[in-house]
Amino acid sequence: MRAAVEWLRRTISDDFTPAVGNLPRAAIALDEPRAPVLARPGNDTPASGFVLSTVRPVTSFLFGAVAAPAAVAPDAWEVEGDTVRLARLLGIDVPTDLQRTLGKPAAPGVLIGRVSRRAWIARVMYEHEEELLHVWLRLESARVDPHALELEIREYIDGDLADCRRLRLADVPLPARIRGRLGIKLPTLGRGIERTLSLYDRDGELLDQQVGFNFVESIHFSLTVNGSQGPEFTAGDGRPPAAVRERLNDLQRVENSYRSWLGRGARRRVISGRDATGHLRARLARARKELLVMDPYFGADHTDWSVLDRVSVPVRILTGWKAQRPPSPRPGVQARKWTAKKDPIPYHDRFYLWEESGLHVGTSPSGLTGNRAFRIDELAAPEVRVLKACFAEWWTDSRVAPL
């Protein structure tokens, strides 16, 4: 970040870039932006035309030209006797050929922005054999929890909205380890559909969006040889356009698929008859900076401590007066217990909190075997902030003592 700030400062103040040195003199009259905007590759908006090759969405300010320039900037400039591509004048080697442009080229102006460092839609594919939409997400796992993401798909037929669904990624089986790339298969109405795909975080913020896109599903062509017209060939899906009966079947298929997804998600949240210890350990292994545990019965059973086996960050635990010390030392783990037996413990449910993420768990670790039904679910960021404030207050309460 420091290097980027220095690079930008020198470019603005000294007309100097690291790629080619001093820039040719140029000037343009610009309007002030009215608000920050979200530019996304592939979307048909004024700002999005500037970010075709970023892959990630960009939070930016768009300074539009007061008047159209007299001439369009060339693809390459002469700099000190050498021909230099326009992209290299900026010190960034990205394609600028017109073949990559979607829709009209961006109107003249200047865009200043910052690429996303959380999660974004990298690639979308349609497999007509499976009638599924393959969505590839990219994310910086240190900055976003994939369990906190949601995907929404809107499907249009002849310009009218035919179906809209939103899926929490916490409801689908996710890999134990996600290294920056995650593939999700979504049910879809199928062929001949225009779609809008949106990626949200759990608190409703839009992280990325691809608006109004289609797929090339088939190509029809014929050959003329010596003036004679040959037969028509079809590559891809050769079926005729879908009629009403097929669309009704598609809607029922999508409904059944989502019910199956949501049913599996419910079974991941409502635990009965199976051991959820491994699942909770895997979730806590994603904790960053510090893990806070609020559980009035944590440590009453010596096996409770094993749920922290994969945690790699410092841990602080608020528990009740029945808690016992761990059977062996646990570096980086602090625990305090409620000592006033006559006063009710001010926390009832079990919570695991880190950064802006957290889990609500309906039992202490000794009950994770599923002998009795309980619930595990994700906490929203506002809930995490409230619970952290409570934790800070009770951690220093006079009725609490080190375990």
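Biologist: Which residues is Thr-363 in contact with, leaving aside its neighbours within four places in sequence?
Modeller: Contact means heavy atoms within 4.5 Å. With those neighbours set aside, the partners of Thr-363 are Arg-350, Leu-368 and Phe-374.

Biologist: What kind of model is this?
Modeller: Residues are numbered from 1 along each chain as its sequence is written, and side-chain values use heavy atoms, with hydrogens and water left out. Local features need pLDDT of at least 70, side-chain atom pairs count only at pLDDT 80 or more, totals for chains, interfaces and linings use all residues, and the model is predicted.

Biologist: Is Thr-363 buried or exposed?
Modeller: Thr-363 lies in the loop between strand S22 (357-361) and strand S23 (374-378). Helices (H or I, at least four residues) and strands (E, at least two) are DSSP runs, numbered from the N terminus. Buried means under 20% relative accessible area, exposed over 50%, partly exposed in between (1.4 Å probe, protein chains only). Thr-363 has 14% relative accessibility, so it counts as buried.

Biologist: Which residue in S7 stands opposite Thr-59?
Modeller: S4 (residues 58-64) and S7 pair in the antiparallel sense over 7 bridges. Opposite Thr-59 stands Arg-114.

Biologist: How many residues apart are Arg-283 and Asp-145?
Modeller: They form a salt bridge, with closest N and O atoms 3.2 Å apart. Arg-283 is in helix H4 (residues 277-284), and Asp-145 is in the loop between strand S9 (132-139) and strand S10 (149-157), so the pair links distant parts of the chain, 138 residues apart.

Biologist: How many salt bridges does the structure hold?
Modeller: A salt bridge is a side-chain nitrogen of Lys or Arg within 4 Å of a carboxyl oxygen of Asp or Glu. The structure's total is 34.

Biologist: What is the relative accessible area of Glu-152?
Modeller: Glu-152 and Arg-166 meet in a salt bridge at 3.4 Å, N to O. Arg-166 is in strand S11 and Glu-152 in strand S10, 14 residues apart. Glu-152 is buried, and its relative accessible area is 8%.

Biologist: Is Arg-166 buried or partly exposed?
Modeller: Arg-166 also meets Glu-150 in a salt bridge (3.3 Å, N to O). At 10% relative accessibility, Glu-150 counts as buried. Arg-166 is at 39%, so it counts as partly exposed.

Biologist: How far apart are the end C-alpha atoms of helix H3 (residues 244-269)?
Modeller: The expected span of a helix is 1.5 Å times one less than its number of residues. H3 has 26 residues, so it should span 38 Å. The model agrees, with its end C-alpha atoms apart by 37 Å.

Biologist: What covers the buried residues of H3?
Modeller: Those buried residues are Arg-247, Asp-250, Val-254, Tyr-258, Trp-261, Gly-265 and Arg-269. Their cover includes S10, S11, strand S12 (181-187), strand S17 (270-271) and S23.

Definitions and conventions. Pairing = 2+ DSSP bridges.
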